[in-house]
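Welcome! Please take a moment with the structure below, and then let us walk through it together.

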Amino acid sequence: MPDHARERVCFLMRARVPLIRGMEAFFGTRDENLRLLESGLSVSTRLTNDAFEIEGEPEAVARAEQILRDYVDLAENGHKFLPGDVNSFLRVLIADDSVTLRSLVESGRARNFGKKSLVPKTANQRSYLDSIERHPLVFGIGPAGTGKTYLAVAMAVSALLNKQVTRIILTRPAVEAGERLGFLPGTLQEKVDPYLRPLYDALFDMLDTEKVEKFLERNVIEVAPLAFMRGRSLNDSFIILDEAQNSTAEQMKMFLTRQGFNSKMVITGDLTQIDLPAGRRCGLSEAVEVLRGVEGVDFVQFDQRDVVRNPLVQRIVRAYEEYNEQTGIGRQLSLKLAETGQTEAPPAVAPASEAGGA
């Protein structure tokens with residue numbers, strides 16, 4: 001054996017973690033979690049009759065062993081890992097070696113999200129929640145399915161239940177996604193409700209139906225189109241602007257100046273899905289350029305690795321990103337903005353629609 005090969009073997013380490021009932025949940029569908037652990041930490045694994053063996057460089061083996069032992073301890077103490085949780089946790093743990101599986105699970109338990117106990121499932125989601133806690137104004141920018149809106153609503157519910165704010169304001173631009181819906185029937189509220197439905201969905205997922213209806217009736221929680229924000233000053237509030245890529249530059253400036261005392265504001269959007277009419281400047285892209293570096297403002301950039309919906313969604317987002325890179329159509333504007341300060345959004349591929357409904 002060559003000297004360099006012999007020297008490398010000497011530095012390899014092996015660890016064994018005893019198997020427990022239910023351990024197969026850690027492995028994932030078709031051992032996808034094991035493959036992620038192996039590729040992420042550069043270790044090899046082997047399953048024996050009574051133990052799980054890990055081999056590799058000492059640091060990597062120690063890290064993998066800690067993850068496995070945390071999983072065993074948590075499972076034995078009654079923690080139930082939902083489908084997909086382990087895969088999401090592993091992505092965080094591989095990206096950030098200062099985090100432990102136990103701390104991820106326990107941090108989720110410590111946060112009061114109404115009837116939900118949520119744990120950040122990617123490194124960027126963790127940064128997002130930390131940023132919302134530390135800054136009065138946070139931008140969450142990235143593709144669909146990364147948890148931008150859902151986590152922001154969860155933080156708003158937590159702030160309300162813990163009496164950090166007295167109300168929640170949820171708003172989005174009333175812009176059709178590439179379709180012309182025409183004149184919608186009903187009252188003004190019935191006309192705008194279809195645009196705001198995703199925000200209602202998140203609320204009902206966090207709180208009991210009766211509590212949501214009671215809060216809505218008393219205006220403790222308000223769900224309204226962006227145009228309704230003009231002229232208001234929002235104190236003691238947690239304010240979320242969703243789908244901000246469909247706000248105009250004028251609307252964005254108007255919205256940003258609504259923030260009052262003891263208020264927190266979160267703005268979410270995907271700069272690759274702009275539905276504004278042709279020629280209208282995107283308020284989100286302008287805000288990224290204008291506000292970067294301003295004290296109290298933070299930006300969290302998500303990408304396809306943060307998609308926490310069906311794994312197929314992650315593959316779809318990745319496929320579109322690769323297609324756009326190859327063809328030069330609709331480049332990843334959000335990443336470009338973050339890196340270079342570019343201000344102009346590319347024109348929509350399909351004819352854009354006009355603002356509708358209200």
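## A covered strand

Strand 4 (137-141) is mostly covered, as five of its five residues are buried. Buried here means under 20% relative accessible area, exposed means over 50%, and partly exposed lies in between (1.4 Å probe, protein chains only). Leu137, Phe139 and Ile141 are buried on one side of strand 4, and Val138 and Gly140 are buried on the other. Helices (H or I, at least four residues) and strands (E, at least two) are DSSP runs, numbered from the N terminus.

This is a predicted model: local features need pLDDT of at least 70, side-chain atom pairs count only at pLDDT 80 or more, and totals for chains, interfaces and linings use all residues. Residues are numbered from 1 along each chain as its sequence is written, and side-chain values use heavy atoms, with hydrogens and water left out.

## The sheet around it

Which strands does strand 4 pair with? Strand 4 runs parallel to strand 8 (264-269), with five bridges joining the two, and Gly140 stands opposite Thr268. Five bridges also join strand 4 to strand 9, again in parallel, and here Val138 has Asp298 as its bridge partner. Two strands count as paired if DSSP finds at least two bridges between them.

Now step back to the open sheet of six strands: its order is 6-5-7-8-4-9, with parallel pairing. Strand 6 (221-225) and strand 9 (297-301) are the edge strands, each pairing on one side only. From one strand to the next, the twist averages 15°. Strand 5 (residues 167-172) and strand 6 run parallel and are joined by five bridges; Thr171 stands opposite Ala224 in strand 6.

## A helix across the strands

Helix 11 (residues 249-256) lies across strand 4, strand 5, strand 7 (237-241) and strand 8. Helix 11 runs at about 160° to strand 8. For such angles, axes are lines fitted to C-alpha atoms, for helices over the stretch in contact (heavy atoms within 4.5 Å), and the angles run from 0 to 180 degrees between N-to-C directions.

## Charged partners

Side chains of opposite charge can pair when their charged atoms come close. How many salt bridges does a search of the whole structure find? The search finds twelve, each being a side-chain nitrogen of Lys or Arg within 4 Å of a carboxyl oxygen of Asp or Glu.

One of them joins Glu55 to Arg14, with the closest N and O atoms 2.7 Å apart. Glu55 lies in strand 3 (residues 51-56) and Arg14 in strand 1 (residues 13-18), so this pair ties together parts that are 41 residues apart in sequence. Glu55 is partly exposed at 26% relative accessibility, whereas Arg14 is exposed at 53%. Another salt bridge brings Arg16 and Asp50 together (3.3 Å, N to O). This pair links strand 1 with the loop between strand 2 (43-47) and strand 3, 34 residues apart. Arg16, Arg46, Asp50 and Glu53 are linked in a network of salt bridges. In helix 4 (residues 58-76), Glu65 and Arg69 are four residues apart, so about one helical turn separates them; their closest N and O atoms are 3.0 Å apart.

## A nonpolar patch

Finally, look at Leu312, Ile316 and Tyr320, which make a nonpolar surface patch of about 320 Å². Leu312 lies in helix 13 (residues 311-327) and is partly exposed, with a relative accessible area of 44%. Patches are made of residues with over 30% relative accessible area and no salt bridge: like charges are joined within 9 Å, and nonpolar side chains (Val, Leu, Ile, Met, Phe, Trp, Tyr) within 5 Å. Accessible areas come from the Shrake-Rupley method with a 1.4 Å probe; for residues, only the protein chains shown count as cover.
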